[in-house]
Amino acid sequence: MTHRPPSGLAAVSAALLAMSRHLEMRDVLKTIVASARELLDAEYAALGVPDDHGGFAQFVVDGVSDEQWKAIGPLPRQHGILAAMLHEAKPERLADVRKDPRFEGWPAAHPDMSDFLGLPIRDGDDIIGALFLANKRCPKPEGSCGFTAEDEELLAILAQHAAIALTNARLYERSRELTIAEERSRLAHELHDAVSQKLFSLRLTAQAAAALVDRDHARAKGELQQVAALAAEAVDELRAAVVELRPAGLDEDGLIATLRTQIQVLDRAHTARVTFASVGVRALPAAQEEALLRVSQEALHNALRHSGAGHVDVTLTRRGGSTVLRIMDDGRGFEPAATRRAGRHLGLVSMRDRADGVGGTLTVESAPGKGTTIEMEVPGG
C-alpha cells in the first residue's frame, strides 16, 4: 500500500484546528511540526524558537526517534540556513541543502537531508521561530527540489497560524507565571505573618520563663520547652520560604549565580553542610535554566527536609555537549520503586516533567542508608 499524504481543504483545516487546541508551548510546537510534516509529506520537520544567546530556547523535531535525537547531541546553534531564515526573514527552498554555500555540516548521527523548504515564523516585525521541512517523499529529477511553489505557499499559511498559536501559548505561559508570582507573593505574606506571630509568642513565653525561673523551676522548665518548640516552628517556616520562593535574580544574574546564592542561604539556614560548584558551564536558554533551578529546589527541599543528610553537594558541569546538574546527599535514602508503589513521589514526577519539557533527562539513584543522587542532563551549555 503506497503512502498518500492528506490533501485538500479538510486536511489544511484539520492541521490548523490541531494547532489551536493546545496552550502549553511544547505541545503547540509539537503539533505544528507534526501537522506540517504530514500535510506536505516530508520525511523530517523541525521548528526552532530562538533565544537571545545565539541558540534556541526550544527546538522540536518530527520524524526523528528519541534515540536518534539523543545521539545527535546538543541543540543546534543559529548558523547556516537556520540563521539565514531568522536574520534575513525570507523563505528558503533548496534542491540540496548540503550544496548551499551557507551549509556548515551536521553531527555524525544527524539524518541525511537533501531537498529543503523552510521559512521564518513572524509576529509583526519580530521573527519568533523557524519552521522547516526536509526530504519530500516523492520522485525527484536529478538536481531538482521535491518541494514546490505550492508547498511553499501552504507552509506560509501554516506559519501564519503557527505565529498565532505561539503567541497565544506565550500569553498563556505569561498569565500562568503572573498567577504563580501572585501566589508566591501571597505565600510570602502568609509566611511573614506566621513567623511574626511565632516570634511574638516566643518573646512572651521567654519573658514568662524568666519571671518564673527563681520561684517555680518546674513551670519555668515547661515554658523554656515551649520556647524551643516555637523556635523550631519559626525556623521551619523560614526554611520553607527559602525553598519555595524563587530568587528574583535568575533573569538578571543567570543560573550559576542564582544557584550559588540560594545554596549559600540554605547552608546558613540548615545544620547540614550544603555546597555548590560549577565547572565550564555557559549560559543556557531561559527555559532550561528555569527547569534546572526548579529541579534543584525540589531536590534540595527533599534532601534538607526529609533525608536527615549531613552533607548535600550540588554541582553543575559539562558532559560532552550537555549540562549536568547533580544533587547528592548522604541522607537515609529510599527505595525508588517502593516509593512509587506507595504513591509518595517526593516531587520526582514534577522533576521528570520539567526535564522532559526542555529535552532533558532525569535519573534518580538511591537506596536505604545509601543517600540519594539526583541528576538532570540537558543539551547545550
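This is a predicted model: local features need pLDDT of at least 70, side-chain atom pairs count only at pLDDT 80 or more; totals for chains, interfaces and linings use all residues.

Student: Which residue stands opposite Phe276 in strand 7?

Tutor: Val314 does.

Student: And how does the chain cross from strand 6 to strand 7?

Tutor: Through helix 8. That makes a β-α-β crossover, and the crossover is left-handed.

Student: OK. In which sense do strand 7 and strand 8 pair?

Tutor: Antiparallel, over eight bridges. Val314 has Ile327 as its bridge partner in strand 8.

Student: How many residues lie between them in the hairpin?

Tutor: Two. Gly320 sits in that turn and has a positive phi of about 60°.

Student: Now the packing. How many residues are in the largest nonpolar core?

Tutor: It has 33. Leu259, Leu300, Val312, Leu325, Leu362 and Met376 have the most contacts inside it. Several elements each supply at least two residues, including helix 7 (250-269), strand 7 (311-319), helix 10 (348-357) and strand 10 (372-379). Helix 8 gives the largest share, eight residues.

Student: What is Val312 in contact with, leaving aside neighbours within four places in sequence?

Tutor: Its contacts include Val274 and Thr275, then Leu300, Ala303 and Leu304, and also Ile327 and Met328.

Student: What about another core, apart from that one?

Tutor: There is one of 29 residues. Ala36, Leu119, Leu131 and Leu166 are among them.

Student: How many bridges link strand 4 and strand 5?

Tutor: Eight, in the antiparallel sense.

Student: Last topic, helix 4. Why call it largely enclosed?

Tutor: Because seven of its nine residues (80-88) are buried. Those are Gly80, Ile81, Leu82, Ala83, Ala84, Met85 and Leu86.

Student: What covers them?

Tutor: The cover includes strand 1 (42-50), strand 2 (56-62), strand 3 (92-94), strand 4 (116-123) and strand 5 (126-136).

Student: Which residue just after helix 4 takes a positive phi?

Tutor: Ala89, at about 55°.

Conventions. Residues are numbered from 1 along each chain as its sequence is written. Side-chain values use heavy atoms; hydrogens and water are left out. A nonpolar core is a set of buried Ala, Val, Leu, Ile, Met, Phe, Trp, Tyr and Cys residues joined through side-chain atoms within 4.5 Å. Buried means under 20% relative accessible area, exposed over 50%, partly exposed in between (1.4 Å probe, protein chains only). Helices (H or I, at least four residues) and strands (E, at least two) are DSSP runs, numbered from the N terminus. Contact means heavy atoms within 4.5 Å. Two strands pair if DSSP finds at least two bridges between them. A crossover is right-handed if, with the strands pointing away from the viewer, the path from the first strand over the helix to the second runs clockwise.
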